[in-house]
Amino acid sequence: MEIINGMLSIILNPSLIGILALFVFLGIYVGAMPGLSVSMACSLLISFTFSWEPLPALAAMLGAQIGGVYGGSRAAILLNIPGTTAAVATSLDGYPLAKKGLAGEAIAVATLSSVMGGLIGAVILAIGAPLISNIALKFAPRDYFLLGMMGLLLVGSLGSESNSRGIFTALIGLFIGTIGLDLVTGQQRFAFGNTYLMGGVNYVVVMLGLFGMSEALIQLRDLSVYPVKQKVDNLKPDFKGHVKYFVLTIKSSLIGVFVGALPGTGGDIAALIAYDQAKRTTKNPEVPFGEGAIEGLVAPETANNAAIGGAYIPMLTLGIPGDAVTAIILGALLIHGLRPGPLFMTESPDAFGFIVAGNFIGNIFLLIFGFMGIKLFTKIVEIPKYILMPTIIILSVVGSYAINNSIADIYWMLGFGIIGYLLKLYHFPTAPLILGVILSTIIEQSFRRAVSMAGNSLIGFIIDIVTNPISLILLVAIIFMSFSQSNFWKKTREKKLLNR
Amino acid sequence: MKTKKMISLLLVLALIAGVLAGCSSDTTDTSNNQDLETTTTENTENNGSVEFPTKDLQGTIMWAAGGINDSVSRALGPYIQEELGKTVIFTNRPGAAGGIATQYVNEQSADGYNILFGAENPQIAKIMGTSNLDYSDFIPINIFSTTVGVVSVRSDSKYKTMEDLVNDMLARPGEVTMAVTGPGGYPQVADSMLKSIVGTEAQYVTFDGEAGALTAVLGEHVDFTITTLGSSYEMLRSGDLVGLAVYHTEPVEGIEDVPVIIDSYPKFNDYLPWGPFYGAFVKNGTPQEIVDILTEAFERAVSNPDYSEMTKNLGNVPLGIGGQEARDFIDNYRSVTSWLLYDAGVTESSPEEFGIQRVN
Amino acid sequence: MKKRGLEKGEVTFLLVNVLLGIILFILSIQIYKKDTTLSSQGAFPFILSILMMVMSALMIVELKKYDKVDISEKKALVKIREIIAYIFPGKIFPIMTLIVIYAVVLPRVGFTISTFFFLSLSLITFHPRDIVKSLLISAGVVGVILVIFQYIFKVMLP
């Protein structure tokens with residue numbers, strides 16, 4: 001009952017709704033700017049909202065989170081620069097659509113998918129939180145490892161002309177992730193005594209360089225290619241059209257909520273796995289994946305917004321953050337005197353209800369604001385390249401500096417920009433590299449934990465996987481996934497189809 | 001045609017800027033008194049000839065967002081702002097058990113604008129080999145609070161008392177698993193104390209911070225852990241975790257039913273009371289007048305009753321000491337803990353190499 | 001299945017990658033040999049570098065599927081020139097130079113000035129006739145970025 005009270009408290013309070021709306025709106029633009037991150041915005045917000053009452057402060061941060069995760073898709077679609085890591089998968093099919101002049105449609109689909117995912121995430125948060133958190137707890141390090149590997153398998157389906165090139169770039173990414181001080185021993189790895197390297201290479205720097213700057217350079221090679229005129233008829237949410245993606249939406253939401261609920265993984269991994277799943281299960285997309293398949297937009301956007309609801313599950317039921325942003329919000333809750341933990345739902349049910357309702361309403365606003373100004377945004381793509389590209393480079397510079405106020409980040413970003421440029425020039429896929437960087441920590445650390453829990457023996461590790469239901473299921477899924485995309489399987493299928 | 005597009009670009013950018021400018025609070029000048037209801041806003045203190053601060057302060061937090069170090073630091077921010085009139089802008093720089101943060105602040109100028117918000121870990125960084133810096137390279141402004149450690153297991157664990165756990169570890173050395181947070185982290189230090197006194201040998205599994213360690217215990221992936229009260233407070237209150245012992249000399253408010261470890265193993269009296277602490281530091285070489293201004297401001301901020309209340313809710317014990325008292329406190333911690341770890345055989349070097357004297 | 005022709009410099013690039021794999025392997029071994037348990041800090045990089053070498057070898061093997069351009073017929077200098085032409089067509093070289101200058105100048109002169117010059121010079125490089133317009137646009141863009149980032153979001157600019 002108290003929970004309902006909590007929910008009503010926001011529904012009936014115009015100023016709270018107003019704050020939520022405002023910050024969703026702001027969040028969208030923060031997320032859309034490459035270089036500004038949702039975590040950064042939320043940290044700023046903690047100090048900013050400290051003197052407010054807990055509820056308005058929470059509304060502000062929740063709004064920023066919802067808007068921000070969605071906003072990342074804008075830059076991903078329009079400029080091939082994911083505004084947030086969660087939008088990396090979105091750029092794979094979003095950007096090709098923009099290049100074809102369909103940016104408006106892409107943004108519309110992305111918006112609708114995000115809203116759907118967010119709403120479903122909120123529902124599951126409301127009814128299934130304790131249940132899911134119990135299951136999430138059972139995930140051992142070996143399961144995180146398997147999950148990370150699943151995300152990495154996406155490499156295979158990223159449509160490069162040669163599997164080995166894709167795997168090679170992914171390996172580079174994984175390697176880059178190991179640079180720095182080792183989490184366990186505190187010793188330097190591949191840092192050569194350089195203070196910057198000891199802190200590791202920041203994935204935002206890699207992303208800005210690899211996607212932002214290198215793409216800008218590639219575009220500048222051939223100025224005779226004029227930006228395609230965008231189709232921008234009156235864009236409204238296409239609910240009817242979205243129905244055909246119903247199953248995909250549900251599946252992606254479930255993936256999103258669950259992966260978000262695992263402490264330590266968030267929307268980015270969820271989006272990748274969802275994208276991969278969509279690719280494998282969509283038999284005949286109208287457009288092939290990687291060239292503008294709508295399904296390739298629906299899946300990741302649904303998943304990453306559903307992951308927001310998911311990330312709140314462990315935070316509110318155990319006091320353990322589900323991802324980087326909820327970690328910050330956790331701190332904010334503590335500062336405001338709330339105590340997230342196993343007793344949260346019983347001691348502060350109104351706050352819980354508030355968060356659930358906030359998730360719902362926030363997503364409704366997302367729908368409204370998301371569709372406002374699409375035309376304006378798509379016009380950005382029509383800006384002459386010779387102005388737009390240098391501006392992108394500047395934004396990449398600002399974004400890299402903004403992470404840690406360090407000039408070194410800028411130089412590394414430039415370095416990655418050049419590497420990315422060369423990679424693209426020589427037909428190497430660049431997406432696996434960023435994938436490798438993002439997934440490196442979770443794969444390596446989970447692997448090492450799992451192995452040390454098995455007494456440092458490879459055999460023990462494998463036995464652990466095979467004898468535990470969750471791990472076994474994940475392993476079978478991975479085997480199936482990698483098998484189904486190998487050339488052997490594809491050729492056998494072709495033969496079968498020919499013989500009919 | 002081109003002109004039209006350029007105009008639309010400018011319009012778009014201007015529109016965005018305009019909207020954002022309209023919606024957010026103040027913008028123009030650098031002194032940011034935002035929405036805070038400040039009853040008394042003391043602007044730049046003028047002790048003698050120094051005007052400080054004249055711009056915002058940079059706060060570097062040693063551990064990740066959402067943790068205790070992070071919460072006690074950020075929560076102090078607004079109270080500092082009341083005292084000094086400038087905002088503290090916080091950034092988290094976790095890694096290497098505080099090494100990354102100390103390194104960063106050490107590289108900035110010693111002008112009082114770069115403040116390190118850290119925990120106790122740097123005091124053993126040198127002997128553990130995780131950093132070349134410790135708090136002897138910094139000046140303590142204030143030690144906000146301390147906390148104690150709790151040995152926790154899952155509620156349905158087979159270990160019902162501390163003796164159960166210890167005896168099992170003695171019977172099967174290297175097989176009972178313990179969640180730790182890496183070399184120099186509190187769990188490892190606490191376990192070293194246990195090892196010195198009782199001779200147990202646990203198998204470490206390293207996680208990302210105490211939240212990760214506790215999750216592992218809850219999920220039955222490891223047998224036990226020893227973390228600060230702050231991280232485990234909520235789970236102990238709910239009963240999901242059970243505290244087998246608390247590293248203190250008397251029962252602790254909030255978890256009164258957790259047995260005091262000296263009851264089972266009196267030798268702990270040689271070390272306790274002892275525990276992690278959280279405080280603010282500036283680099284050596286910061287001018288004394290600025291140090292004095294900061295010390296006074298922090299002391300007033302920390303003693304604010306609302307802040308103390310929040311501190312206690314987090315499972316910490318408010319302390320609020322500055323100046324020489326703070327220096328003695330952290331140096332004592334350094335001696336006790338360094339020799340403790342050395343005796344347990346887990347260090348890279350001997351405390352003697354750094355001039356650290358034995359205390360007991 | 002006939003595949004595309006090789007780009008100029010592609011073989012060189014692939015060889016660079018092979019070299020990279022070997023270098024990383026050597027580096028990883030140095031870490032790994034200190035502690036060869038599976039959960040040590042050297043194990044993962046070690047495995048990665050081995051896989052990298054395997055992949056780079058595979059990439060070289062795959063070359064046979066491509067339309068090969070005559071590699072032996074041209075003099076080394078000509079080949080190098082062609083590679084450079086491929087990597088730096090049109091205005092790329094001036095732009096890259098501008099970027100490098102921008103990066104070097106940035107910490108010394110500050111954001112506003114260096115960005116303004118970078119942007120104006122870039123625009124002028126492409127449209128040498130519209131100098132005034134370029135200057136105005138640059139000023140506008142720099143101004144907007146300043147407002148958005150520095151004042152509204154309170155992000156520090158270089």
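Q: What makes strand 6 and strand 13 of chain B paired strands?
A: The model is predicted. Two strands pair if DSSP finds at least two bridges between them. Three bridges join strand 6 (residues 138-146) to strand 13 of chain B, so the two count as paired. They run antiparallel, and Thr146(B) stands opposite Val317(B) in strand 13 of chain B.

Q: Why are strand 4 and strand 13 of chain B called edge strands?
A: In the six-stranded open sheet of chain B, the order is 4-3-5-12-6-13, with mixed pairing. Strand 4 (88-92) and strand 13 (317-321) of chain B each pair on one side only. From one strand to the next, the twist averages 25 degrees.

Q: How is helix 10 of chain B oriented to strand 6 of chain B?
A: Helix 10 (residues 288-302) of chain B runs at about 5 degrees to strand 6 of chain B.

Q: How many residues make up the contact between chain A and chain C, and which element of chain A gives the largest share?
A: The contact takes 45 residues from chain A and 47 residues from chain C. On the side of chain A, helix 19 gives the largest share, nine residues. That side divides into 30 nonpolar, nine polar and six charged residues.

Definitions and conventions:
Residues are numbered from 1 along each chain as its sequence is written. Chains are lettered from A and ligands numbered from 1 in the order in which they are written. This is a predicted model: local features need pLDDT of at least 70, side-chain atom pairs count only at pLDDT 80 or more; totals for chains, interfaces and linings use all residues. Two residues are in contact if their C-beta atoms, placed from the backbone, lie within 7 Å. Helices (H or I, at least four residues) and strands (E, at least two) are DSSP runs, numbered from the N terminus. Ala, Val, Leu, Ile, Met, Phe, Trp, Tyr, Cys and Pro count as nonpolar, Asp, Glu, Lys and Arg as charged, and the others, Gly among them, as polar. Axes are lines fitted to C-alpha atoms, for helices over the stretch in contact, and angles run from 0 to 180 degrees between N-to-C directions.
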